[in-house]
Amino acid sequence: MTVLRVILGDQLSPRLANVAGAETGRDVFLIAEVMAEATYVRHHVKKIAFLFSAMRHFAEALRAAGHIVRYVALDEAANTQSLEGEIRRAVEALQPSRIAVTEPGEWRLRENFEAMRDGLGVPFDILPDTRFLCSHADFDAWAEGRRELRMEYFYREMRRRHGLLMEPDGTPAGGRWNFDADNRKPPKQGLTSPPRISFRKDAITLAVLDLVRRHFPDGYGRLEPFHFAVTRRQALRELDHFIAEILPGFGDHQDAMVKGEPYLSHSLLAAYLNAGLIDPLEVCRKAEAAYREGLAPLNAAEGFIRQILGWREYVRGIYWRFMPGYVERNALGAAEPLPWFYWSGETRMACMREAFAQTHDHAYSHHIQRLMVTGNFALLAGIDPKAVHEWYLAVYADAYEWVEAPNTLGMALYADGGLLASKPYAASGNYINRMSNFCSGCAYDPARAVGAGACPFNALYWDFLARHRDRFSRNARMPHVYATWDRMAPDKQAALRHQAEAHRAAMREGRL
Ligand code: FAD
Ligand code: DLZ
Ligand code: SF4
């Protein structure tokens, strides 16, 4: 009795029940490259190439382990170009006794599979995604009855539950849960990225690059050079390299931004974690071991583990608890269309230009650039959250809705009305100037708020606070900013608001 086991492009993990439970030589794995998934947003071409190559390598690994694999390449003539179509075609061809799929990471696909389950006439199991450290039920149990769902408290519970960075007496290692205060150092002169490893492209990857070049000629982003890991073994090498060489410096300059240095001490592991090549618990355990063995300081290991055990699991919990309405939220009523420069990179703002260039070339930019540059600008300028969300979902190699939407709508844009963030991550040019070396090469001056050459982030920042005074002036974490605004003379306030409007007009006309 054949079980048809459907493996999605971001489920490339031999430890999932849908893989580990398969009977060799009897069950059939279905892995399909389809246009519907490759085009539902305008994905970066590197993201498509990374996933297709990783999918093909995963299929090879399954075959090498003796499994039967039905692999559908994008350019196969009979390809129906949708996951549903490929499942139906496989059912017709193979007449399986059951179908099994791991729960997808996006609401739209889960709905699609649930509808199929009810109408296909073959038993269809949607299995839980056991790669995560917090199940839906566990997250709901934690969230139930809480007035506020703050990541920090969730994280502490996850530390206790998984025994990560805990002392035998139940206290956190080093006596504190969070060492973030040590991790906000501005970049020092000459701060560079440590050397990275890259991987030789084999015949599979070369064929995929050729396919992507032919089928997505107008796709967003730069396809080559391409040096992503595409197998579990390669991703583990990248993880080990990060732990040994880069983790020790992860904390100190976690928030720093440097021109021409997209990676600094960030791990670049999100794409591999999210596609299933490596597991969050193995990554956290390796980081803890480095600390215990004296190879990495506690602020680095704790800061890194918090991102994965805390933030990553927490945003997934938020996504599934508040979907499908979550992506529709627009608490601040932001309605500006997404400026074209998010795609073209053509802006005079050096910080934005740099983030766009890194994004275009690498399908990557690090967290602070996503949050405090491109996200902050969208927040201050009042850009429609749905448009911003679709942009972030498209342009990063690690982007899937379960993780991207809460980060964009919740953390960066405050569109969820403070469900995720206790205050908006709004900042003026002063913050970017302190945390980066971008401003020295900019057409604008971070010290100026009005007049020719004034940094757009400054007036937009004050205008944002003024526009949303009713909502934020009572926020316990923001009284000082409103006190500063109130101390300004009315004509200065008016000039700032006028300047902000001029920036928005320039933005609409592509002149900013
Ligand atoms: P590192 O800085 O090395 O962090 C280590 C790991 O922690 C990451 O690999 C990631 O798995 C996890 N992590 C760190 N921060 C977060 C976070 N806020 N939420 C969830 N996991 C986190 N992350 C994605 O994986 N996919 C996305 O689509 C995505 N979209 C984002 C959109 C916006 C607007 C913002 C502000 C953040 C977004 N993030 C997203 C979170 C974060 O920016 C990326 O995980 C990180 O930049 C990936 O690079 P890295 O692997 O080098 O991470
Ligand atoms: C992102 C993506 C792309 C580009 N292509 C495919 C594909 O051809 N086949 C597939 O099974 N999955 C693909 N994916 C990943 C899915 O979109 C992903 O499973 C959902 O976004 C849920 O996380
Ligand atoms: Fe960005 Fe303003 Fe600095 Fe220019 S001056 S790089 S726009 S923060």
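I count a residue as near a molecule if its C-beta atom, placed from the backbone, lies within 6 Å of it. I am working with a predicted model, where local features need pLDDT of at least 70, side-chain atom pairs count only at pLDDT 80 or more, and totals for chains, interfaces and linings use all residues. Residues are numbered from 1 along each chain as its sequence is written, and chains are lettered from A and ligands numbered from 1 in the order in which they are written.

**Ligand 3.** I found 14 residues around ligand 3, with Cys351, Gly429, Cys439, Cys442 and Cys455 coming nearest. Helices here are DSSP runs (H or I, at least four residues), numbered from the N terminus. I noted that α14 (350–362), α18 (429–435) and α19 (456–467) each give at least two residues to this shell; α18 has the largest share, three residues.

**Ligand 2.** I looked here next and found 17 surrounding residues, the closest being Leu8, Gly9, Glu37, Gly105 and Glu106. Two or more residues of that shell come from each of α2 (35–39) and α3 (45–64).

**Helices α7 and α12.** I checked how α7 (residues 151–162) meets α12 (residues 298–322): their axes (lines fitted to C-alpha atoms over the stretch in contact) come within 9 Å and cross at roughly 120°. That angle, taken from 0 to 180 degrees between N-to-C directions, makes α7 oblique to α12; under 35 degrees is roughly parallel, over 145 roughly antiparallel, 65 to 115 roughly perpendicular and the rest oblique. I listed contacts (C-beta atoms, placed from the backbone, within 7 Å): α7 brings residues including Phe154 and Tyr155, and α12 residues including Leu309 and Trp311.

Note on methods
Contact = placed C-beta atoms within 7 Å.
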